[in-house]
Amino acid sequence: MSSKGNKRVLTGYVVSDRADKTIVVRCETILQHPLYKKYIRRRKKFMAHDPDNTCHIGDKVQIVESRPLSRRKRWRLQNVLEKVV
């Protein structure tokens with residue numbers, strides 16, 4: 001892995017592991033509404049590369065930005081924070 005620039009690192013939960021060497025990770029950010037000051041949850045799904053098929057649904061993972069690996073995959077699995085039993 002090259003150290004050119006800063007790569008974004010996101011934390012989220014695996015919502016799908018059906019594809020080979022690919023996981024779908026749902027990341028959640030909480031932001032405050034500018035006018036009403038209510039906190040809003042924003043959820044987004046990212047496809048990430050899991051070369052060893054180690055992750056399963058419900059695992060908490062950390063993903064890092066990478067070069068395009070396929071049409072929709074631009075993230076790689078960095079590490080597994082929590083495994084589901």
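**Notebook: charged pairs, core and strands**

I started at K83, which is partly exposed at a relative accessible area of 47%. The model is a predicted one, and I read it as such.

**Entry 1: K83 and D59**

I looked for the partner of K83. The side chains of K83 and D59 meet in a salt bridge, 3.5 Å from N to O. This pair links distant parts of the chain. K83 sits in the segment after β5, D59 in the loop between β3 and β4, and 24 residues separate them. I then checked the accessibility of D59. D59 is buried, with a relative accessible area of 1%.

**Entry 2: the other salt bridges**

How many salt bridges does the structure hold? I noted four.

I took R8 and E65 next. Their closest N and O atoms are 3.5 Å apart, and the two form a salt bridge. R8 lies in the segment before β1 (9–16) and E65 in strand β4, so the pair ties together parts that are 57 residues apart in sequence. I looked up the accessibility of both. R8 is partly exposed at 46%, and E65 is partly exposed at 26%.

I moved on to E28 and R41. Their side chains meet in a salt bridge at 3.5 Å, N to O. E28 is in strand β2 and R41 in strand β3, so this pair ties together parts 13 residues apart in sequence. E28 is partly exposed, with a relative accessible area of 33%. R41 is exposed, at 55%.

Then I checked for D59 again, which is buried at 1%. I also looked for shared partners: salt bridges join E28, R41 and R43 into one network.

**Entry 3: D50**

Which side chain of opposite charge is nearest to D50? I found K83, 7.6 Å away. D50 is buried yet has no salt bridge. I placed D50 in the loop between β3 and β4. What does its side chain approach instead? I found a polar atom of the D50 side chain 3.1 Å from the backbone nitrogen of C55. I also listed its contacts, leaving aside neighbours within four places in sequence: K21, T22, I23, C55 and L77.

**Entry 4: the nonpolar core**

Which residues make up the largest nonpolar core? I wrote down eleven: V14, I23, V25, C27, F46, A48, C55, V61, I63, W75 and L77. I traced them to their strands. The largest share, three residues, comes from β2.

Neighbours within four places in sequence aside, V14 is in contact with I23, V24, V25, C55, H56, I57, G58, D59 and V61. D59, the salt-bridge partner of K83, is among the contacts of V14. C55 is in contact with V14, and C55 also gives the backbone nitrogen found 3.1 Å from the D50 side chain.

**Entry 5: strand pairing**

I followed β3 through its partners. β2 and β3 pair in the antiparallel sense over eleven bridges. One entry I looked up there is T29, whose bridge partner in β3 is R42. The hairpin of β2 and β3 has six residues between the strands. In this hairpin K37 takes a positive phi near 60°.

Parallel or antiparallel: how do β3 and β5 run? They run parallel, joined by three bridges. A48 has W75 as its bridge partner in β5. Both A48 and W75 belong to the largest nonpolar core.

Notes:
Residues are numbered from 1 along each chain as its sequence is written. This is a predicted model: local features need pLDDT of at least 70, side-chain atom pairs count only at pLDDT 80 or more; totals for chains, interfaces and linings use all residues. Side-chain values use heavy atoms; hydrogens and water are left out. A nonpolar core is a set of buried Ala, Val, Leu, Ile, Met, Phe, Trp, Tyr and Cys residues joined through side-chain atoms within 4.5 Å. Buried means under 20% relative accessible area, exposed over 50%, partly exposed in between (1.4 Å probe, protein chains only). Helices (H or I, at least four residues) and strands (E, at least two) are DSSP runs, numbered from the N terminus. Contact means heavy atoms within 4.5 Å. Lys and Arg count as positive and Asp and Glu as negative; His and the chain ends are not counted. A polar contact is a pair of N or O atoms within 3.5 Å; within protein, one must be able to donate a hydrogen and the other to accept it, and residues adjacent in sequence count only if both atoms are side-chain atoms. Two strands pair if DSSP finds at least two bridges between them.
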